[in-house]
There are 2 protein chains.
Amino acid sequence: MIDNTLQEIELAVNQSWKAFQIYSKKSLQERATFIKAIAVELSLTEEALINTAMQETNLPQARLKNELARTIFQLNSYADACIKGDWLEIRIDTAVAERNPPKPDIRKMLVPLGPVVVFGASNFPFAYSTAGGDTATAFAAGCTVIVKAHPAHAKTSEIAAAAIFQAAAKTNMPHGTFTHIHGASVKVGKTLVTHSLIKAVGFTGSYGGGKQLFDWANQRKEPIPVFAEMGSINPVFLLQEKLNQSAVDIAKMYAASITLGVGQFCTNPGLIIAIQSNALNNFINCLAEEIKKIAPATMLHQGIANAYAEKKTKALQQKNVTTVAESVAQPAQNQGQPTIATVNAKTFLENKILHEEVFGPYSLIVQCNNEDEMLTIAQHLEGQLTSTLMATENDIIKNNQLIEVVKNLCGRIIINSVPTGVEVCYAMQHGGPFPATTDSRFTSVGADAIKRFARPLSFQNWNDNLLPDELKNNNPLNIWRMVNNEWTKDSANR
Amino acid sequence: MIDNTLQEIELAVNQSWKAFQIYSKKSLQERATFIKAIAVELSLTEEALINTAMQETNLPQARLKNELARTIFQLNSYADACIKGDWLEIRIDTAVAERNPPKPDIRKMLVPLGPVVVFGASNFPFAYSTAGGDTATAFAAGCTVIVKAHPAHAKTSEIAAAAIFQAAAKTNMPHGTFTHIHGASVKVGKTLVTHSLIKAVGFTGSYGGGKQLFDWANQRKEPIPVFAEMGSINPVFLLQEKLNQSAVDIAKMYAASITLGVGQFCTNPGLIIAIQSNALNNFINCLAEEIKKIAPATMLHQGIANAYAEKKTKALQQKNVTTVAESVAQPAQNQGQPTIATVNAKTFLENKILHEEVFGPYSLIVQCNNEDEMLTIAQHLEGQLTSTLMATENDIIKNNQLIEVVKNLCGRIIINSVPTGVEVCYAMQHGGPFPATTDSRFTSVGADAIKRFARPLSFQNWNDNLLPDELKNNNPLNIWRMVNNEWTKDSANR
C-alpha cells in the first residue's frame, strides 16, 4: 500500500473534525446502531478477512476465526455498554434555593474528546486493529476515528475499513466519521499525532513505538492523552506450598501459555520466579519436557521473527543465563522456537537486559535462594499488565508483603491460572503502571475503555428542556445516575 | 522559612513511600476517620490560622473564615465519599464454569497510586493548599501526601500542617503519611516531581508553573500524572434576546463577579463577548458605572499585584483596546484597581495577547459585528475551566452551533449566572481542556477528585476470603457495585 500524502492527511483530519461536530451529537442509540452495523458488515466479509489475514499475518485460520468472533463480540458488547450509559458517570445535584447562598443545579456527564487516531496492533489484525477495541470504544464515546493501518496487515485493514464505511453509510453517519490512512513511514504517524485537531491516541505495540507517540503528544502546544499498551513480561510467582503440591500441573499449564499463539500475546508469561527446591527442579524438568515437544510455528512477519531471534539470543548470551530447553524440532524461516532459560536471582537483579520483553514463545525462570530474594525481585520489576501468583491460601497469607508489592506493579493480579486470555468484561483491567502502558488509570479492554475518550462536562443552572437527554429530570434514557449523592434510575425532581 | 535541603527531601520521600505501604492498606473507614480528624484539628486552631493568613495573604477576615469553613466542609465531604466508595468503580464479573472456555471470576476496584506531591495555591491558603482539596482527596484514595508549602503563606501552611500531624497521631497513621516541605527555590519542586518514588502531582497556580511540572513529570523515566489547574479567562457570551431584556441586571451581576475577592479566582470572568447593539451599550455603560464605584483592594502579595498591573497595562496598550472604566478611587500599594476594557472582534482574533489571563479584577468586552464573528471567537478560544451563556431559551435554540462549540472548550457551562463560586458536590467539574488544566478528564473539586489518585486493579480467580473487603461476595462495606453488568448493593453470588 502507498503511504497517504501529507496533503491527504490534512484533508482527512479536517474532515474528521467536521464530522465530529455532527457525530458527537448522535444519540447513544444511534452510535450503538452504527457500532452493531460494523459487527454485521464484518460477519458478511468474514471469508475475505480471514483469507487475507492468513496471508498477511501467518496466523492460523482457527485463531483468526476466534479473533474475528471476539471482535464482533466486542463491537456488540461496547454498543450495549454505550446505550446502558454507565460510562457517562452522570452526577446530578439539584438546586437548594433556601441555602445561603442558594445552591445551584449542577449536572455532570462525560462528553467526547474529539477525533481519535488509532494505531492497530500487528498481533491482533482484528480485535486490536482497524475495527478493534480502540475504534469501537472511541465511537461509543462519540468520537470520530482515524485508523492508521498497520503496514504488516494493510490489506486486511482495507477490508475491515470497507466494512466500517458500509456500516457508516447504512446508518447515515457523516462523511469523515471514520477515516483509513496508510503509512509505513514514521512521518505519517507523527503528522497525525501532532495535528492540533486530533484529541487522543490509541496504540497497541512496542515500547519504542508507544513511547514515541506519547512524547510527541506531550510536546504539542496542547498535549493530548495517549493510551499506549506497550506489552510486559507478566511475572509469575511460584509460591512454595503450591509448587510442592502441583509442580507438574503448573508446568503443563505454563508450557501451553508460554507457547500459545507462538507467544505473541502481550500477556505472555515471560518471567517465572521461584525459590530453589526439589519441587522447583521437578517443575523445570517437566516444563522442559513439555517445551521440547512443542513445534516451532511461523510468527506474524519477518520483522517479529527476527526480533524474537535477536532478543532471545541476546538474553541467552548474558552471564549466568542457562538454556533449560528448546523445542526439539528446529525452526524454519520466520518460525519462533519455544525456549526456556534460567538464571539466579542475583544476576537477574543486576542485569536489566533480562527484564526486557522477548516477544515470542520464551520464558525466563529466576531461581531465588529465599523469600527475601523473591520479594526484592518484585520490588525491582517495572510496571506490568499482569502478575500471577501460583499459591495456596497459606502461601498468600504467609507472603503478605510480597502480595502487596505485586499488587502495586500490575493492572491485573491472577491466582492459580495463566495471564494469557483477556476477558472482554467490565471487571477487566487491561493496562498497568508504566511502561506496560502510558496511562495506568485506564483499560483498553472492557466497557470502561470507552471512558478513555471522554471527559466530564458540568451543566450549571440549565432548564430541563435544554439539557442533553442524559441529564434531563425524567431520565428518558433510563440510565443509572447519581442524584443528590444516591444512585437511582428515578427522576431527578427539582 | 528556610528551604528544606535535598537530603531532607530524599529522606522525606523515602519515608512517604514507606508509609504508603501501610497507609494504603488502611480501611476506607480508617482513612475517613483520619480526614475528619484533620477537620477537627483545623477548627481547633482557627484563630491562629485566620490571623496568620490575614498577615500573609492580605485576604480579609470574613473571606478567610468562609474559606476555612469550606475547607472543613470539603474534608468531611471527601471523608464521607471515601467511605461511600463510589469512587472505587467496583466491577464484579463472576465465573461461568459452563462456558467454553470457562469464564473466570474477575473483580476490579481502584487502588491508590503512591506518594503524591501537592503544590498549594497562593489564592486559597486553606481550601487549595496544605489541608485542601488535593491533600484530602489523595488521603481518601489511600495515598500519602507531601505538601510543598506555598512561600507566600508558609506560616499558615505550617499551622495547617501541624493540624494534619496532630490528626495523624491521634488516628494512628504511620509516620510519613503526611510531610510538609518548604521550598522557595525551583530546585525543591523539581526534586520532588522527578523523584522515582513520587507517583502523582497536584497543583493549582499559573500556567508557567503548572506546565513546568507537567513537562518534568513527562520527561521522567516513568512518567506520572500531573493535575495542574492553571486558570482560565472564563468567557461569558451575552446573547441578544437576554441582553435586550436584562442589560442592567447582567451588568450589576458581573461587576460583582469580576471584582469578587479582588478578581483573584481562577473562575473570574475575564472575557465578555457580545454583538454590537443598543443593549450592549447599555450593558457597558451600566457595568462602567458599577466598576467606577468599587474600591481597589489589596491583592494577595506584591508579586500578584505587580503581575496584575503589568499584564493589565500590556493588554490596555494593545492596538484598538479601549479602557471602558476604572474604579474612581486610585489603588494604594499592592492594590488591584478594578478595570474594564473593550476591543473589536477582529482585533481580538488577531492578537493572542488579549487571550491571556489577567489575574485580578479585570475583564475585556469583545464587540462583534454579528453572530458569525461571535462563533469564530468561540472557535478560536483555548481550553477554559468555565464558559457562561447569558441567554433566553430562544437564544439557546437559535445559537445551537455556538453552544456546541462552547461545550467543547470548557469543563463547566453555566446559563444565566456567574462562573465564580465553585460548589463542592459530585456534579462539579472543576477542570477543563488544556491549558485550563493539564488533564481535562479529571476534576479537582467534588468527590470525583479522589479518582485522580487511583488506578484500576483487577483480581482474577481469587478466593473470597483473600479478596479486599470491597470485592468480597457479601459486600461487607455496603458499597454500590456493578455485578454482572447490573448495579447492586446485594451479594455477588458465585
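**Setting up.** To compare copies, I superposed them by least squares on the C-alpha atoms of residues with pLDDT of at least 70 in both. This is a predicted model, so I kept to its cut-offs: local features need pLDDT of at least 70, side-chain atom pairs count only at pLDDT 80 or more, and totals for chains, interfaces and linings use all residues. Residues are numbered from 1 along each chain as its sequence is written, with chains lettered from A and ligands numbered from 1 in the order in which they are written.

**Entry 1: how the copies sit.** I laid chain A on chain B and got an RMSD of 0.0 Å, using a turn of 180° and a shift of 0.0 Å along the axis. The two copies are thus related as by a two-fold rotation axis. Which C-alpha of chain A is nearest the axis? That of Asn218(A), at 3.7 Å.

**Entry 2: where they touch.** I called two residues in contact if their C-beta atoms, placed from the backbone, lie within 7 Å. By that rule 50 residues of chain A are in contact with 49 residues of chain B. Elements that each supply at least two residues to this side of chain A include strand E2 (106-112), helix H15 (400-409), strand E16 (410-415) and strand E17 (454-460). E17(A) gives the largest share, 6 residues. Helices (H or I, at least four residues) and strands (E, at least two) here are DSSP runs, numbered from the N terminus.

I also sorted the touching side of chain A by class: 22 nonpolar, 13 polar and 15 charged residues. For that count Ala, Val, Leu, Ile, Met, Phe, Trp, Tyr, Cys and Pro are nonpolar, Asp, Glu, Lys and Arg are charged, and the others, Gly among them, are polar. Do the copies meet through the same surface or a different one? The same, because 98% of the interface residues of chain A are also interface residues in chain B.

Strands cross the boundary too: E16(A) pairs with strand E17 (residues 454-460) of chain B in the parallel sense, over 3 bridges. I took strands as paired if DSSP finds at least two bridges between them. Ile414(A) has Gln460(B) as its bridge partner in E17(B).

**Entry 3: helix H1 of chain A.** I checked the length of H1(A), residues 6-23. Its 18 residues should span 26 Å at 1.5 Å a residue, and its end C-alpha atoms are 25 Å apart, which agrees. The expected span is 1.5 Å times one less than the number of residues.

Next, burial: a residue is buried if 20 or more other C-beta atoms lie within 10 Å of its own, exposed if 12 or fewer, and partly exposed in between, with C-beta atoms placed from the backbone. Ile9(A), Val13(A), Ser16(A), Ala19(A), Phe20(A) and Tyr23(A) are the buried residues of H1(A). They cover an arc of only 130° around the axis, which puts them on the same side of H1(A). The arc is that of the directions from the helix axis to the C-beta atoms. An α-helix has 3.6 residues a turn, so residues three or four places apart point the same way. The cover over the buried residues of H1(A) includes strand E4 (145-148), strand E5 (178-181) and helix H7 (186-193) of chain A.

**Entry 4: helix H8 of chain A.** H8(A) runs over residues 207-219, and its 13 residues reach 18 Å from first C-alpha to last, close to the 18 Å expected. Gly210(A), Leu213(A), Phe214(A) and Ala217(A) are buried. Seen down the axis of H8(A), these fall within an arc of 100°, so they line one face of the helix. Their cover includes H7, strand E6 (200-204) and strand E7 (226-229) of chain A.

**Entry 5: strand E5 of chain B.** I looked at both faces of E5(B), residues 178-181, and both are covered. Phe178(B) and His180(B) are buried on one side, Thr179(B) and Ile181(B) on the other. E5(B) pairs with strand E4 (residues 145-148) of chain B in the parallel sense over 4 bridges, and Lys148(B) has Ile181(B) as its bridge partner.

Entry 6: Most residues other than glycine have a negative phi, and most peptide bonds are trans. I found a cis peptide bond joining Asn100(A) and Pro101(A), with omega about -5°; Pro101(A) sits in the loop between E1 and E2 of chain A. Glu89(A) has a positive phi, near 45°. Its loop lies between helix H4 (61-84) and E1 of chain A, and Glu89(A) counts as partly exposed because it has 19 C-beta neighbours inside 10 Å.
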